[in-house]
Structure formats: C-alpha cells, structure tokens
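Good morning, and thank you for coming. Please look at the sequence and the structure on the screen while I describe them.

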Amino acid sequence: MKGIRKGILKAEQSVQNFMKWVLFLVTGAMTVVVLLGVFFRYVLEAPLPWSEELARYLMVWGASLGAFVAFKEGSHVGVTIIMDRIQGQAAVALTRAAQFIVALFMAIVTIEGFILVSQIKGQTSAAMEIPMGWAYLAIPVGCLLILLEVLIMIFFKSDQSIEKRGEAL
C-alpha cells in the first residue's frame, strides 16, 4: 500500500509541475497574441480577426488549469475564521467535510461540463472556426484535475498533516 501511495503522490507532483509549464506557455502565448493584435490593429491598421478570440480561449484555459495549481498549493482565497478557532479532531472533521463538498461539486461540474462539450461538438468559433468544444473543454478538465486532487487529499494525505498545517482544505 505504501508503494501505491508513494507512486500516486509522485504522479500528483509531476502533474502539478507539468501544469505549471503549461500555464507558463499559455500565458506567454496569450501575451504574444494580444501584443500582435495591438500591433496589427494600431500600427499596421490591419487588425487580425482571430487574435481576440484566441486570447480569450487561452485565458479560459489558463484560468481553469491555474485553478488546479492554486488548489493544489492551497493558495485560493479562503475564509479561515472557523478553522483558526478549532483544533484537533474537530479541525480534521471540518476539513474532511469541506473536502467532500468540494469533491461533490467538482464531480458535478466535471460530468455536466463533459456533457455540454459533447452536445456542442458541431459548433465552431466565429473567427478561427475551430470546434467550440475545445474552448468549453477547459472547465471540465480543470474541475477533473481539482477533483482528483481532492480525492488524493482525502485518501492519501494523513490527518496529522491537516492538524500541523491547519489546512482549510
């Protein structure tokens, strides 16, 4: 069991590191696309019809994947007034309850997101004429990653680590 746990935690860290690189590339691409759009529109006076749309889709993907990385690192904004006042088993129980609620919500959004993507597979974007499913896919993919992270927190991370760090999730 320890070998499986160690392998899952190692894979979890590898996925996070990979997502950080993906976010770096998405942010860089979005910056280049926006700069090209501005340059072509205001300097060359020949606007690129696809630059705003591509930048928008890159931002959606960046936000969705960034939400996973922020969740993994515990850097989402949180109201911790209750967690700051309780300790021990009560803190563990409250943390576990919050984790189960997050897992349920992420599961619902993931399932409904994939259903939506499958329903709109025939639609294309206005400027780039790519399938809209690629843009909409960002939300269920990001939620699926968060769901997997919550499940890892629930089943593979110890209660002692919650008590030590005082995690809200």
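Helix 3 has 32 residues and, at 1.5 Å a residue, should span 46 Å, which agrees with the 47 Å between its end C-alpha atoms. The expected span is 1.5 Å times one less than the number of residues.

Before going further, I must state that this is a predicted model, in which local features need pLDDT of at least 70 and side-chain atom pairs count only at pLDDT 80 or more, while totals for chains, interfaces and linings use all residues. Residues are numbered from 1 along each chain as its sequence is written, and side-chain values use heavy atoms, with hydrogens and water left out.

How confident is the predictor? The pLDDT is its confidence in each residue, from 0 to 100. The protein averages 90, and 92% of the residues score at least 70. Among the elements, the highest mean pLDDT, 96, belongs to helix 2 (residues 51-73), and the lowest, 52, to helix 6 (residues 159-165). Where pLDDT is low, the predicted coordinates should not be read in detail.

Returning to helix 3, its buried residues include Ala91, Val92, Arg96, Met106 and Val117. Buried means under 20% relative accessible area, exposed means over 50%, and partly exposed lies in between, with a 1.4 Å probe and protein chains only.

Next is helix 1. Its 42 residues should span 62 Å at 1.5 Å a residue, and this agrees with the 60 Å between its end C-alpha atoms. Among its buried residues are Leu9, Glu12, Gln16, Met19 and Gly37. Against which helices do the buried residues of helix 1 pack? They pack against helix 2 and helix 5.

I turn now to that pair. The axes of helix 2 and helix 5 (residues 138-156) come within 8 Å and cross at roughly 5°. Axes are lines fitted to C-alpha atoms, for helices over the stretch in contact, and angles run from 0 to 180 degrees between N-to-C directions. Helix 2 is therefore roughly parallel to helix 5; angles under 35 degrees count as roughly parallel, over 145 as roughly antiparallel, 65 to 115 as roughly perpendicular and the rest as oblique. Among the residues that make the contact are Trp61, Phe68 and Lys72 of helix 2, and Ile139, Leu145 and Glu149 of helix 5. Contact means heavy atoms within 4.5 Å. By class, there are 13 nonpolar, two polar and two charged residues. Here Ala, Val, Leu, Ile, Met, Phe, Trp, Tyr, Cys and Pro count as nonpolar, Asp, Glu, Lys and Arg as charged, and the others, Gly among them, as polar.

Is lysine 72 buried or exposed? Lysine 72 is buried, with a relative accessible area of 16%. Leaving aside neighbours within four places in sequence, lysine 72 is in contact with Glu12, Gln13, Gln16, Glu149 and Lys157.

Finally, the loops. Glutamate 45 lies in the loop between helix 1 (2-43) and helix 2. Although not a glycine, glutamate 45 has a positive phi of about 55°, and it is exposed at 67%. Proline 49 is found in the loop between helix 1 and helix 2 and is exposed at 61%. In the loop between helix 3 and helix 4 (132-136) is glutamate 129, which also has a positive phi of about 55° and is exposed at 60%.

Notes
Helices (H or I, at least four residues) and strands (E, at least two) are DSSP runs, numbered from the N terminus. pLDDT is the predictor's confidence in each residue, from 0 to 100.
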